[in-house]
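Open the structure in your viewer and keep the selection tool at hand. Each stop below tells you what to select and what to look for.

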Amino acid sequence: MSTPRLQLTGISKQYPAVKANDNVSLTVQPGEIHALLGENGAGKSTLMKIVFGAVQPDEGEIKVDGKTVQIRNPHEAKAHGIAMVFQHFSLFDTLTAAENVWLGLDTGETLAEVTARMNKKAGDYGLQVDATRPVHSLSVGECQRVEIVRALLSEPKLLILDEPTSVLTPMAVQSLFNTLRQLAREGCSILYISHKLDEIRELCHQCTVLRGGRVTGGVDPRQESNASLSRLMIGAEPPKLVHREARLGDVALELNRLSLAPDGIYGVALSQISLQLRAGEVLGIAGVSGNGQQELLAALSGEDARANPGSIKLFGTDIARAGPTRRRALGLHFVPEERLGRGAVPMQSLAANTLLTRHEALRAFGWIDVAATRALAAKLIDRFKVKAGGPDAVAKSLSGGNLQKFIVGREIDAKPKVLIVAQPTWGVDVGAAAQIRGELLALRDAGCAVLVVSEELEELFELSDRLVVIAGGRLSPSVPARDATIERIGQWMAGLFDAKEMTAQIKEMSHVQA
Amino acid sequence: MFKLESRASPSTAMALASPLIALAVTVMVGVVLFLLLGKDPVQGLRMFFVEPVKSGYAWSEIAVKAVPLILIALGLALCFRANVWNIGAEGQYILGAIFAGGIAMQATPETPGAIVIVILVAGVVGGMMWAAITALLRDRFNANEILVSLMLVYVAEMVLSYLVYGPWRDPQGFNFPQTVTFAKPTQVPRLFSGLRINVGLIVALVAVVGMTIFLFRLFRGMQAQIGGLAPMAARYGGFSSRASLWTALLTSGGLAGLAGALEATGPLGQLTPYVPVGYGFAAIIVAFVGRLHPVGIVFSAVLMSMFYIGGELAQSRMQLPKSITGVFQGLLLFSLLASDTLIHYRLRWVARRTGTPAARAAS
């Protein structure tokens with residue numbers, strides 16, 4: 001067997017509260033696409049940061065091409081031929097793609113030379129990148145391609161990708177896979193971090209599974225099933241959701257040609273969004289992030305109350321200009337995607353955090369009945385099985401999944417008539433995710449109208465009765481979830497809606513302009 | 001070597017211990033300072049920590065200084081909790097004194113004593129109006145409140161100078177820049193005969209209770225704080241960040257104005273260009289040393305008053321410059337900010353890294 005490209009032996013890293021990596025070993029061969037599979041918090045990111053030199057291990061040995069090395073910083077990692085594409089891009093919005101790449105190089109090349117090299121690399125690997133466009137005008141997928149091209153310019157022997165598909169449409173995922181396969185054929189090793197089982201089985205040659213910082217398996221994913229991988233990853237198969245037939249009620253929430261100019265220069269304009277949400281159904285909104293989800297959610301929650309009068313109706317009442325408090329009073333509750341800092345105040349206790357959206361503990365003159373807030377927090381902790389130090393624990397001290405259970409629980413417990421949830425299970429472990437999805441379905445069965453915005457298609461297919469897609473600030477027609485296919489949704493995510501619908505919209509827009 | 005390591009969660013114990021550590025560091029640096037100046041450090045420390053609390057009279061003097069500090073710092077605590085950086089309490093204090101003085105000047109020996117209430121209310125209004133300028137500019141034009149409030153301090157000083165040198169100057173004052181001495185009924189009633197401490201102390205203590213309730217028991221107070229702590233959460237909750245800004249600035253302006261009114265019609269009894277003595281700035285330190293908590297502020301205000309009086313004593317008895325007070329105040333804030341690091345981080349002793357990973361694994 002040839003010399004392994006990368007060999008980790010007995011890597012451990014202790015953080016104040018958790019042991020992120022515990023005696024982790026893994027081996028990557030040249031030209032191998034090696035998956036690192038694990039739930040959020042399993043230690044994948046820490047391990048990759050160690051390989052990339054961003055974090056120092058407490059124990060263990062790293063060998064690159066058979067030689068023991070110490071990687072003290074990302075610069076040294078690059079010198080060893082290691083490149084990494086992070087989940088969150090480090091690009092300046094105001095510069096062009098080429099300028100961004102140029103800034104990060106210390107090769108003494110001119111901007112023109114770098115641009116030429118970028119175009120060459122992009123051409124070689126079928127990555128469509130316009131190097132001269134400013135980054136703020138690029139889609140998320142394009143930004144990722146810029147990052148990949150940037151990584152490839154250093155001619156890496158090992159390329160690390162952290163959850164690369166979370167921002168891509170299904171079609172873009174396929175073209176990314178083609179690029180990665182080509183790289184692997186040319187001998188570049190790839191470490192592919194993901195928690196998506198299908199992708200790993202399709203793409204990767206080897207798979208190391210992490211759970212709670214330890215390696216729980218090293219397998220060939222092509223020989224495994226989703227169930228067997230998931231057992232390695234979480235120790236059990238996720239419970240199946242029971243999806244009962246929807247009993248539709250009245251129209252709860254109605255959007256009528258909602259258009260909204262962006263709030264800042266990098267926002268997305270909402271254009272002519274119409275939809276009806278009925279009591280007793282779950283409507284899923286799919287889409288690649290940055291296509292207007294944030295803006296739509298803010299307009300629905302009342303955080304952005306600039307919408308045209310009449311464009312948002314709740315049970316027939318016009319709420320387009322109403323603030324969040326009034327909308328909540330009318331039965332519309334919202335779970336935002338950012339838990340810390342938006343859904344909860346980080347430095348305040350869970351008890352105090354109930355007051356953010358729940359006012360049962362308020363007495364005359366706004367006097368806070370502290371005992372009542374603590375009782376409510378304790379009830380939520382108990383009912384939604386939140387692991388927390390009690391009602392007085394500060395929100396920041398909870399893990400992402402437990403805080404999400406608390407926030408979703410706080411809104412569900414308010415007995416909403418309409419519940420809008422953004423990314424219900426983002427960064428939440430599988431067990432908690434299943435619980436949250438179950439609660440959402442139970443709420444729907446109880447007659448609540450539920451709107452879910454998510455970037456995880458699997459989740460939407462599992463939860464929704466109907467699906468729509470948001471792309472470029474416009475909304476696709478809706479389709480019953482059981483009739484939807486990944487291909488069709490994928491096309492819509494790229495902005496290609498039905499031709500009829502498109503012409504109708506174009507007509508409408510030219511009508512407006514005229 | 002020592003390594004700073006981030007704590008899993010902020011340490012409550014350290015949050016309370018930090019002011020004490022800061023005080024200890026201040027004392028130590030103070031000792032070094034006295035030695036360098038060729039003064040007896042024991043005597044120096046006596047001036048600051050023993051003499052100011054030796055007798056009932058001394059305590060009364062402490063309280064005279066602590067009252068304005070407490071009042072101003074309470075308002076600043078609300079501001080800072082709401083992330084509104086009001087640095088101009090000194091100006092709001094001056095305006096309070098001016099408004100109060102303007103009313104007090106009208107009084108005659110026959111005026112009923114109830115005029116004191118009118119005077120104090122006028123002081124509150126004056127401070128609020130001055131703070132409202134900052135609030136308006138920030139709200140309307142997004143002007144930086146740090147700069148605006150600070151600059152308005154100098155404007156306030158000029159307004160005061162203009163009045164006492166010009167239209168409000170006492171015609172019988174031998175051309176000194178000062179107003180008439182206010183008539184007897186305007187005087188804030190004293191608590192004990194022979195001591196300068198007056199009902200301002202009671203007002204300040206009521207304000208402490210009031211602010212405690214507002215911050216921790218009233219929804220409005222909580223909303224104001226969330227507006228500063230987590231603006232996105234405030235928006236999500238439906239709380240107005242504008243309301244938070246105005247509440248914070250008007251409250252702190254009003255309290256600073258009240259302090260100015262109490263000072264003008266209490267210990268001073270007339271307006272001079274020397275009304276501002278830096279209480280508005282010292283109160284920033286008081287607020288932080290007191291952990292932005294009303295009860296903590298009482299303790300830190302007493303400490304800061306000791307520095308004031310100690311500085312005066314060191315000046316007269318040890319021939320030290322008066323700026324020694326400012327040095328001690330600065331040292332205290334500086335040490336506090338430094339030791340506050342330990343709330344979020346801890347020091348850990350780590351063995352120096354050895355060359356081979358095996359040796360590290362073994363250790």
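This is a predicted model: local features need pLDDT of at least 70, side-chain atom pairs count only at pLDDT 80 or more; totals for chains, interfaces and linings use all residues.

**Stop 1: a sheet in chain A**

Select β2, β1, β4 and β5 of chain A. These 4 strands form an open sheet in the order β2-β1-β4-β5, with antiparallel pairing. Look at the edges, where β2 (19-28) and β5 (67-69) of chain A stand. Each has a single partner strand, so one side of each is left without a neighbour in the sheet. Neighbouring strands of this sheet are turned against each other by 25° on average, direction ignored.

Which residue of β5(A) does Val64(A) stand opposite? Show the side chains and find Lys67(A), which is the residue across from Val64(A).

What holds such strands together? In general, strands of a sheet pair through backbone hydrogen bonds, in either a parallel or an antiparallel way.

**Stop 2: a strand with two partners**

Select β11 (residues 251-260) and β12 (residues 270-278) of chain A. They run antiparallel, with 6 bridges between them. Click on Glu254(A): its bridge partner in β12(A) is Gln276(A), and its bridge partner in β14(A) is Lys313(A).

**Stop 3: two helices side by side**

Select α13 (residues 400-412) and α14 (residues 430-445) of chain A. Their axes come within 10 Å and cross at roughly 10°. Angles under 35 degrees count as roughly parallel, and α13(A) and α14(A) are therefore roughly parallel to each other.

To see where they meet, show these residues:

- in α13(A): Gly401(A), Gln404(A), Lys405(A), Val408(A) and Ile412(A)
- in α14(A): Ala432(A), Gln435(A), Ile436(A), Glu439(A) and Leu443(A)

The residues of this contact divide into 5 nonpolar, 3 polar and 2 charged.

**Stop 4: where chain B touches chain A**

Finally, show both chains. In the contact between them, 22 residues of chain B meet 28 residues of chain A. On the chain B side, select β1 (2-6), α8 (219-229), α9 (231-237) and α14 (357-362), the elements that give two or more residues to it. The residues on this side of chain B divide into 12 nonpolar, 4 polar and 6 charged.

Terms used. Residues are numbered from 1 along each chain as its sequence is written. Chains are lettered from A and ligands numbered from 1 in the order in which they are written. Two strands pair if DSSP finds at least two bridges between them. Axes are lines fitted to C-alpha atoms, for helices over the stretch in contact, and angles run from 0 to 180 degrees between N-to-C directions. Angles under 35 degrees count as roughly parallel, over 145 as roughly antiparallel, 65 to 115 as roughly perpendicular and the rest as oblique. Two residues are in contact if their C-beta atoms, placed from the backbone, lie within 7 Å. Ala, Val, Leu, Ile, Met, Phe, Trp, Tyr, Cys and Pro count as nonpolar, Asp, Glu, Lys and Arg as charged, and the others, Gly among them, as polar.
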